[in-house]
Every structure is written in C-alpha cells, then in structure tokens.
Amino acid sequence: MKISAALIAVATMFATPSNAEVYPERAVEFIVPWSPGGGSDTLMRLIANNVEPFLGVKMPIINMPGAGGTVGLRETSRRDTDGYTISQIHEGLLVATETGITDIAWDDFEPVALMTSSPQYLVIGKNKNYSNFEEFVSFAKSHPGEITMGVTLAGVPHLHAAMIEQAFGLQFKYVGYEGTGQRIRALVGGNLDSAIGDVSSSKQFVDNGDLIFLAVGSTERMTETPNVPTLAELGQNLELNVTRGIVVPKGTPKEIRDALEVAFEKLSKDPSYIKQTNNAGANVGFRGQEDYKAYLLTLEKTVSSLSEVLAP
C-alpha cells in the first residue's frame, strides 16, 4: 500500500500542471483607460480582436475612461495578480506622474509588451523664414520665443516639443489645443508657425503643399515619408513616439507575464494584424518585458528633466 500510495502521489504530481502551465483558462479582460473611438481604443481593440489564436482565449475590452486614463489604471492596479486583467499605458502617464497630475506611475504595474508606435513629426506651415530643419533651428535661435508651437499642454505633444527645445537649445511660444486635429487645422489656417503632428493628421496637407514635415522622431526614416529626415540624422538621438504598451497589476507572476509576452510577440508578426495597425495610422513596434521596461526608465528620466516646463 505504501508503494502504491507513493506511485499515485508521483503520478498525480506529474499529471497536475502548475497554474502557469494551464494559463490562461478563461478570457483575459483588457481595461482600456480611454473612451471608445480614440486612438488608444482603436489600436487596443485590434490587439484584442486578433490575439486569440496566439493566446488561446478571448480578450474582451472594458473601457474605463476618466482623469486622463488614470481611472482605468487605478482599477487595474486593484485587480488580482492572476493574469486575467491587463491594461495599457503610453507616454501621457509619465507626463501626468512627473507633473503631479496623478500619483499613479508606470512602475505601479508590470510592463509586459510594447505593441505599437506612432512616430511624431515636427510640422510647419508655409512661411518665408525657413523651409527645412536647419533653417528652422537657425531662425528659432535668433528669435527666441517667437515661433509658436501647437501642442496639447501638459500632454505628450508638449513633451515632444520640449525635448526638441532642450536638445537643440531653442525656445518656443506654446499654444494649447485639445487634440491633434485642432492644432493641425490651426497650422493650415496660418494661426500657428509649427506643431507636433503625425501621418494620419498631417500627411494629406503635406501632400497638398500646405504643410511641411521637417523631421520625424522615429529611429529610421518612415516608408510613408522617405524624404523626411530623422532627428538622429539631424544631430540628436531623440525618439518622439506615442507608444502603447500592455501592463498587468504589480506582482503578477513572471510565468504569466512570460505567457502573455509570447502571445503578443507572435501577434506582432501576424501580417493581418500589422496591416490593420498600419491602416489605423500606427506601426507595430514590439518590445518585450525587459526592453519595454528599459524604454520606460529612459523616458522617465527625460520627462523628469522637463517636468517644470511641462507643469500645467
């Protein structure tokens, strides 16, 4: 009997998988901390709609907007660390944290995977003073505070403009707009000198000759705009992106994070998902847990150094 019991115990041990081995067994809720229809919601729905073949379960979206995305993130931080709740962050959270708008920080969560990247551009309207980046910098240095720059004050566009200011020793006169579309329309109308924009909001006006892309904040030139130089080419290794990544509650076991990371990496290579993301005006730019964390640490230092400029 003792031998039989021992054999049964051993058999049971090997027959019963660990929690990590059977994860996930049910749907994983995706708390998107923004309203339906916006950029983050659109891109995260593409993830949720396409990830099932790689994760093995459905991923329903739960929209929890409010307070600049912090309502949904706070709810996520309170959820169990069992891998059945994920959420999304972007650069806006780091700006909000460093400027005192919220006490929630990116490292209150476990970064899992950076999924999409929307490179941002320095855009100008027609004028007689500058038509390329070098001329823009030269004019800005000789006329400090005269160039108007359209941004979302205390938001990601403000951060990106301030990074350009800091890197090239410039000084802009900031003008606040609620969204990208508003400031690009103001630029086309001649009410602004420059702005931070993206392909989806600005390229049609560039193609029409109404606006000019001076530089892009991607690591390499973009396929859509092959003649636009990167800021690295222009002398400063700056990344100006709106990146959207997946996070889970702090303390979620590594085995679960690894399983999610593997699924998201496989998704990031799926041609259909890539095409859908590109059609939504973004690029797939996968970074795993460690690379994503390193990116956030570097970004945090940059935002911290500009916190006084960005403070509302």
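Predicted model: local features only at pLDDT ≥ 70, side-chain atom pairs only at ≥ 80, totals over all residues.

User: What makes a residue part of the lining of the largest pocket, and how many residues line it?

Analyst: A lining residue has an atom within 4 Å of a point of the pocket. In the largest pocket 39 residues line the space, and W34, H90, E178, T180 and R244 lie nearest its centre. Elements giving two or more residues to this lining include α6 (91–98), α8 (156–168) and β10 (241–249). The largest share, five residues, comes from α3.

User: How do the residues of that lining divide into nonpolar, polar and charged?

Analyst: There are 14 nonpolar, 20 polar and five charged residues in the lining.

User: Why are β4 and β11 said to pair?

Analyst: Two strands pair if there are at least two bridges between them. Strand β4 (residues 109–119) and β11 have three bridges, so they pair, and they do so in the antiparallel sense. For a place to look, find S117, whose bridge partner in β11 is N283.

User: Why do β2 and β11 count as edges of their sheet?

Analyst: The sheet is open, with six strands in the order β2-β1-β3-β10-β4-β11 and mixed pairing. β2 (61–63) and β11 (283–287) each have a single partner strand, so one side of each is left without a neighbour in the sheet. From one strand to the next, the twist averages 25 degrees.

User: What makes β6 and β8 a pair, and which way do they run?

Analyst: Strand β6 (residues 148–151) and β8 are joined by two bridges in the parallel sense, and at least two bridges are needed, so they pair. G150 stands opposite A195 in β8. Strand β8 also has β5 (residues 121–125) as an antiparallel partner, over four bridges, with L122 opposite I196.

User: Are the residues of β8 buried or exposed?

Analyst: Buried means under 20% relative accessible area. S194 and I196 point one way from β8, A195 and G197 point the other way, and all are buried, so each falls under that cut-off.

User: And what share of the protein's residues is buried?

Analyst: Buried residues make up 47% of the 312 residues.

Methods
Residues numbered from 1 in each chain as written. Heavy atoms only, no water. 1 Å grid on protein atoms, 1.4 Å probe; cavity = no way out; pocket = protein on both sides within 12 Å on 5 of 7 lines; lining within 4 Å. Nonpolar A, V, L, I, M, F, W, Y, C, P; charged D, E, K, R; others polar. Buried < 20%, exposed > 50% of the residue type's maximum accessible area, 1.4 Å probe, protein only. Axes fitted to C-alpha atoms, helices over the stretch in contact; angles between N-to-C directions.
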